[in-house]
Amino acid sequence: MVDGIIDTSVLIEVLRNNADAVAWLASGRQGKLAITPIVWMEIVQGATDKQLREKMLKLLKRFTVEYT
């Protein structure tokens, strides 16, 4: 069971190393988070090269994908 769904905009800020977003996600206070297939696709679509795509996929693996 997940406690919340994380949005694309939050993940983008994490990928940009926004200190507040990184700290919020690292805190774990929000419980177990999931992403939707749309969020997964939006993040992967934003990769401009293989190295960035690998970084994005590594981040996305931290989350359950919710299909509801």
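Trainee: What radius of gyration does the protein have, and what would a compact globule have?
Mentor: This is a predicted model. The chain has 68 residues, so a compact globule would come near 11 Å. The protein agrees with that, at 12 Å.

Trainee: What does the C-alpha trace span along its principal axes?
Mentor: Take the C-alpha trace along the principal axes of the protein. The spans are about 35 × 30 × 15 Å.

Trainee: In what order do the elements run from the N terminus?
Mentor: The protein has four helices and three strands. From the N terminus on, their order is β-α-α-β-α-α-β.

Trainee: Which elements give two or more residues to the largest nonpolar core?
Mentor: That core has 15 residues. Among those with the most contacts inside it are Ile6, Leu25 and Phe63. The elements giving two or more residues are helix H1 (8–15), helix H2 (19–27), strand S2 (33–35), helix H3 (37–45) and helix H4 (50–60).

Trainee: Which residues does Leu25 contact, leaving aside its neighbours within four places in sequence?
Mentor: Contact means heavy atoms within 4.5 Å. Leu25 is one of the residues with the most contacts inside the core. Beyond those neighbours, Leu25 is in contact with Ile6, Val14, Gln30, Leu33, Leu59, Arg62 and Phe63.

Trainee: How much of the contact total with a separation of 6 or more comes from residues 24 or more positions apart?
Mentor: Count the contacts in the protein with a separation of 6 or more. Residues 24 or more positions apart account for 71%.

Trainee: What percentage of the residues count as buried?
Mentor: Buried means under 20% relative accessible area. Of the 68 residues, the share that counts as buried is 28%.

Terms used: Residues are numbered from 1 along each chain as its sequence is written. This is a predicted model: local features need pLDDT of at least 70, side-chain atom pairs count only at pLDDT 80 or more; totals for chains, interfaces and linings use all residues. Side-chain values use heavy atoms; hydrogens and water are left out. A nonpolar core is a set of buried Ala, Val, Leu, Ile, Met, Phe, Trp, Tyr and Cys residues joined through side-chain atoms within 4.5 Å. Buried means under 20% relative accessible area, exposed over 50%, partly exposed in between (1.4 Å probe, protein chains only). The radius of gyration is taken over C-alpha atoms; the globule rule is 2.2 Å times the number of residues to the power 0.38.
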